[in-house]
Amino acid sequence: MTTNALRRNGSKGQAGDKIFSGAALGAGILILATLLAVAVFLLIQALPTFMADPTLISGGAGFFSYIYPIVIGTVIAAAIALLIATPVGIAVALFISHYAPRRLASGLGYVIDLLAAIPSVIYGAWGYLVLAPALVPTFQWLSENLGFIPIFAGPASQTGKTILTAGIVLAVMVLPIITSLSREIFLQTPKLHEEASLALGATRWEMITMSVLPFARPGIISAVMLGLGRALGETMAVALVLSTGGLIPSLVKSGNQTIAAEIALNFPEAFGLRLSELIAAGLVLFVITLVVNLIARAIIARHKEFSGAN
Amino acid sequence: MSKRIDVKDLNVYYTNFLAVEDVNIEIEAKSVTAFIGPSGCGKSTFLRTLNRMHEVIPGGRVEGEVLLDGDNLYESGVDPVTVRSQIGMVFQRPNPFPTMSIKDNVLAGVKLNNKKISRSDADALVEKSLRGANLWNEVKDRLDKPGSGLSGGQQQRLCIARTIAVKPQVILMDEPCSALDPISTLAIEDLINELKNEFTVVIVTHNMQQAARVSDKTAFFNIAGTGKPGKLIEYAETATIFSNPGVKATEDYVSGRFG
Ligand SMILES: Nc1ncnc2c1ncn2[C@@H]1O[C@H](COP(=O)(O)OP(=O)(O)OP(=O)(O)O)[C@@H](O)[C@H]1O
Ligand SMILES: [Mg+2]
């Protein structure tokens with residue numbers, strides 16, 4: 001009765017399939033489990049902070065008053081970094097992929113990839129020794145001429161160790177990430193779509209805006225998110241470059257602090273409630289990163305219909 | 001609104017490889033000209049030199065002249081961007097812009113070079129171009145949907161609509177039907193017959209019947225062997241090429257006794 005010739009017989013060739021799908025599932029579960037474990041660890045360790053008497057928290061006014069200035073500091077530093085690195089990174093990537101002669105392009109791409117491999121402490125040292133002193137006159141000028149804008153309010157820092165400097169150092173650090181990922185995606189633009197715009201009489205720049213950038217859009221967003229991840233989590237460079245202080249709107253005065261640097265600077269001596277406090281700060285950073293990534297996913301998904309994947 | 005093309009002593013190279021040698025051809029305004037010939041004989045290569053699209057390919061270059069109503073495309077100071085806005089091209093694989101709606105696809109070329117166009121003019125142009133491409137009735141209710149959601153044949157007609165929207169003098173088509181089913185192919189062939197009332201059309205095809213059905217004149221290209229350059233062997237009225245060709249190679253090719 002059961003003589004359907006199409007029925008499975010034996011497991012020949014199916015073993016590989018099963019092993020692979022099992023391995024893929026296992027890897028997926030492992031990642032989720034790790035993420036969950038980190039979240040649980042942070043929550044448990046941070047719990048004492050949330051339960052403690054507000055007067056016992058650093059600053060004496062509760063966890064929220066402690067955390068919100070450094071959350072804003074973190075966001076400011078990362079925002080400066082991305083504001084600089086995104087346009088520059090995309091421009092450099094476009095130059096490499098669509099403007100530079102081929103030999104120059106491959107050399108340049110190689111150098112950019114190398115930049116991504118430089119340890120952050122080196123960037124920090126460079127920011128501290130070279131960039132910060134070099135920026136002092138600029139900060140001076142900004143505070144004297146544009147001081148009426150709160151972000152440039154003076155008196156400017158005499159050491160140059162401000163949140164703006166930290167943001168610029170972060171920009172230099174995330175630039176290679178954004179550039180090399182964007183370049184990779186720009187190069188994958190289908191010839192078909194590039195020729196479509198050229199054949200309509202598009203200039204090279206018009207071809208880029210019509211064919212390359214729309215195609216690369218989700219990839220650019222991912223690249224920026226990876227850069228943002230590095231900017232948000234960067235400790236060493238910020239710790240070296242920023243002379244920390246309370247939350248202030250001015251970007252050219254010393255002051256402000258980021259979560260990652262706050263944790264790194266204080267962790268070695270911290271114990272008891274202070275330790276728990278820093279871990280709670282870490283939890284907040286974790287949540288910020290998660291939320292930012294979810295927003296990015298939502299942006300990408302919103303344009304799915306027009307992604308060309310259908 | 002359509003111009004003639006005269007090609008004089010044209011050689012086409014990829015870096016140092018001579019792909020097409022010494023082509024001389026005169027293409028009348030408001031006519032359909034078919035290029036036929038075996039694979040690799042340089043039909044696409046030659047077609048692309050008619051609007052300088054070969055320059056997009058690394059190493060692609062030409063010697064000789066291509067005249068559009070007497071104006072040499074390759075004179076120094078001529079911008080390939082201007083050339084391409086006058087001589088449009090439809091490709092083998094339909095390539096609507098995937099991130100654009102049907103309407104924006106039609107208007108893509110029109111909006112280039114910062115040209116502004118009023119909303120009502122744009123709507124009128126979209127309808128006229130889509131009607132011109134025999135696509136209007138199928139898409140008029142979903143102009144804001146992505147162009148990539150259409151069938152292959154519809155996408156190809158969308159690409160034609162996009163090309164005619166910029167009002168070119170000449171339309172080049174490189175095997176526009178080779179990715180399409182017979183019904184879509186017929187739709188495009190009908191369309192080509194209408195297009196020649198307004199435009200000069202040059203079409204590359206592997207389909208003899210198609211060449212016979214749509215073209216006024218036919219050019220047969222051939223290649224002596226691999227690594228040798230392609231050449232224009234015979235160029236005549238389509239009826240002559242298919243019934244009474246002057247060259248033996250042409251006769252062999254059109255009667256299927258090739259190779
Ligand atoms: N990008 C390129 N670089 C170098 N050589 C090329 C390139 N494209 C085509 N060629 C060569 O030029 C010659 C002509 O190719 P072409 O594509 O024009 O032929 P075709 O007649 O259009 O063929 P088919 O009918 O298969 O489309 C071939 O020898 C081909 O190998
Ligand atoms: Mg071809």
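Mentor: A:Thr86 is buried, at a relative accessible area of 18%, where buried means under 20%, exposed over 50% and partly exposed in between (1.4 Å probe, protein chains only). This is a predicted model, in which local features need pLDDT of at least 70 and side-chain atom pairs pLDDT 80 or more, while totals for chains, interfaces and linings use all residues. Residues are numbered from 1 along each chain as written, chains are lettered from A and ligands numbered from 1 in the order written, and side-chain values use heavy atoms, without hydrogens and water.

Trainee: Which backbone oxygen does the side chain of A:Thr86 reach?

Mentor: A:Thr86 is placed in helix H2 (residues 63-99) of chain A; helices (H or I, at least four residues) are DSSP runs numbered from the N terminus. At 2.8 Å, its side chain reaches the backbone oxygen of A:Leu82.

Trainee: Leaving aside neighbours within four places in sequence, with which residues is A:Thr86 in contact?

Mentor: Contact means heavy atoms within 4.5 Å. Once its neighbours within four places in sequence are left aside, the partners of A:Thr86 are A:Ile178 and A:Val224.

Trainee: Why are the buried residues of H3(A) on the same side?

Mentor: The residues concerned are A:Ala105, A:Gly109 and A:Ile112. An α-helix has 3.6 residues a turn, so residues three or four places apart point the same way.

Trainee: How far apart are the end C-alpha atoms of residues 66-96 of chain A?

Mentor: An unreviewed UniProt entry lists several spans of chain A as "transmembrane region", including residues 66-96; such annotations may be inferred rather than shown by experiment. In the model, residues 66-96 of chain A are 100% helix and 0% strand, with end C-alpha atoms apart by 45 Å.

Trainee: How far from an oxygen atom of ligand 1 does a polar side-chain atom of B:Ser39 lie?

Mentor: Ligand 1 is surrounded by 13 residues, and B:Ser39 is among the closest. For B:His206, the distance from a polar side-chain atom to an oxygen atom of ligand 1 is 2.6 Å. For a polar side-chain atom of B:Ser39, the distance to an oxygen atom of ligand 1 is 2.4 Å.

Methods
Helices (H or I, at least four residues) and strands (E, at least two) are DSSP runs, numbered from the N terminus. A polar contact is a pair of N or O atoms within 3.5 Å; within protein, one must be able to donate a hydrogen and the other to accept it, and residues adjacent in sequence count only if both atoms are side-chain atoms. A residue is near a molecule or strand if one of its heavy atoms lies within 4 Å of it.
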